Amino acid sequence: MPEIEALRHQPSTKLHPSAKTGGVGKQNDNNNNHDSVEPAPEATPGQQQQKSLYADDAKKSAKIKELRKLVENCDDFVRRVDDLFLCRFLNCCDWNVEEAQQRMCKLFKLKYDHPEWFVDKPLVHYEDLLNRNIKFVLDKRDKKGRRIFVSRLGALDINVSSATDLAHLDELWVEYMLNDLETQQNGIVCLLDMSGYSIKSMRYLTPGNIRIGSAKADLLPVKHMEFHVVNSSVLLNAAVAILFPVLSKQIKESVHFHYTNWNSLHAHLGKEALPSEYGGSNGTGFNFEKLNRQLFDMEAHYNNIIRFGYELKPHVDRSKYTKYFQNADKSKSLKKKNKNKKDGNVTEE
């Protein structure tokens, strides 16, 4: 894809958090040009390893090597195969190599079929989106050691954000959370704050958006994930009625509604990691600059991994995938056109 090719030749730029926006401040207009950011030095699949995990556990180490070999030979694309990434899927699948590979291949195929739903540009491209502070991760873990991923759906402006924008936010933050073994083992808590949720947001709930969005959620390599809904209303019930039939049984069983009953929420998460807005003891309000810095400090990491799934192996004839790359570029152009029309519905059926 054009962004991937351009990254190899351009100088690097650094994102700087801004106290005014609570996230990353704009550098200049040139930062909208994807060619201005360069990832960390590239590595071939065999050179991706930075740290060997479970070196003292022969059984797990062997499973990591087995999965790596399968992934490296699964298709014509360069795939990410470092220990930490592979362990996401192995942990999620109870170290069953076959199940882990199948999950990865399904995710690869979903990305191949619907590239617009996946992150494919340098982190600077998502600067404005992140600074809307719709989704973020709290700086403390809950009482079970899980990361807390907050979605303030009432802060969503459907005139400027699309369904795929939300998918990109999820992917960026999930990448941050799963970049350590503790989260892989303990899991993630999704705190859905419905305060201010507008009926207009239901425009996102098209059959196509629901189908692709739920498929991507189901394939995330997260062993333990719970959803806790707060500040909900009658309007939310209408949205749930539309959404629930297509959700997997696993997701349905992991959803908890608390409304404004903070004691109910604390029974699951505790209160030490939560701000006072949710009856917690972790300060008042959200320090968005501090929270977003967690992700922005990993800029080089994000810029390095976006090539996986788009870059072909050296021996592969690129003409075999001409249609794929054309469709991927076309889908991005269509998305840009839809956003210019202020249309929140990206995928319709």
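The crossing of helix 2 and helix 4 in this predicted model is right-handed, a term used when the near helix is turned clockwise from the far one by less than a right angle, anticlockwise being left-handed. Residues are numbered from 1 along each chain as its sequence is written. As the model is predicted, local features need pLDDT of at least 70 and side-chain atom pairs count only at pLDDT 80 or more, while totals for chains, interfaces and linings use all residues, and side-chain values rest on heavy atoms, without hydrogens and water.

Two packed helices are described by the angle between their axes and the distance between the axes. For helix 2 and helix 4 (residues 97–113), the angle is about 35° and the axes are 10 Å apart. Axes here are lines fitted to C-alpha atoms, for helices over the stretch in contact, and angles run from 0 to 180 degrees between N-to-C directions. Helices (H or I, at least four residues) and strands (E, at least two) are DSSP runs, numbered from the N terminus. On the side of helix 2, the contact (heavy atoms within 4.5 Å) involves Lys63, Glu66, Leu67, Leu70 and Val71. Helix 4 contributes Val97, Ala100, Gln101, Met104 and Phe108.

After helix 3 comes aspartate 94, with a positive phi near 55°. Asparagine 96 sits in the loop between helix 3 and helix 4 and is partly exposed, at 30% relative accessible area. Its C-alpha atom is separated by 8.2 Å from that of lysine 63, 33 residues apart along the chain.

A search of the whole structure gives 14 aromatic pairs, where rings of Phe, Tyr and Trp (its six-membered ring) pair if their centres lie within 6.5 Å, and planes under 30 degrees apart count as stacked, over 60 as edge-to-face and the rest as tilted. In one of them, the ring centres of phenylalanine 77 and phenylalanine 325 are 6.5 Å apart and the planes stand at 55°, so this pair is tilted. It links distant parts of the chain, 248 residues apart: phenylalanine 77 belongs to the loop between helix 2 (58–72) and helix 3 (83–92), and phenylalanine 325 to helix 14 (residues 322–340). Both residues are buried. Phenylalanine 85 and phenylalanine 89 form an edge-to-face pair, with 5.3 Å from centre to centre and 70° between the planes. These two residues are four apart in helix 3 and therefore separated by about one helical turn. Phenylalanine 85 counts as buried at 12% relative accessibility, and phenylalanine 89 is buried at 1%.

Ring pairs also join Phe77, Tyr112, Tyr321, Tyr324 and Phe325 into a cluster. Arginine 318 lies over the face of phenylalanine 325, 4.0 Å from the ring centre. Lysine 216 is placed over the face of phenylalanine 118, at 4.2 Å from the ring centre. A charge sits over a ring if NZ of Lys or CZ of Arg is within 6 Å of the ring centre and within 35 degrees of the ring normal.

Turning to the strands, five of them form an open sheet of mixed pairing in the order 3-4-5-6-7, with two strands taken as paired if DSSP finds at least two bridges between them. Strand 3 (135–137) and strand 7 (255–259) stand at the edges with a single partner strand each, so one side of each has no neighbour in the sheet. From one strand to the next, the twist averages 20°. Strand 3 and strand 4 are antiparallel over three bridges, whereas strand 4 and strand 5 run parallel and are joined by six bridges. Strand 5 (residues 188–193) and strand 6 (residues 225–230) also pair in the parallel sense, over six bridges. Five of the six residues of strand 4 are buried, so strand 4 is largely enclosed by the rest of the structure.

Methods. Buried means under 20% relative accessible area, exposed over 50%, partly exposed in between (1.4 Å probe, protein chains only).
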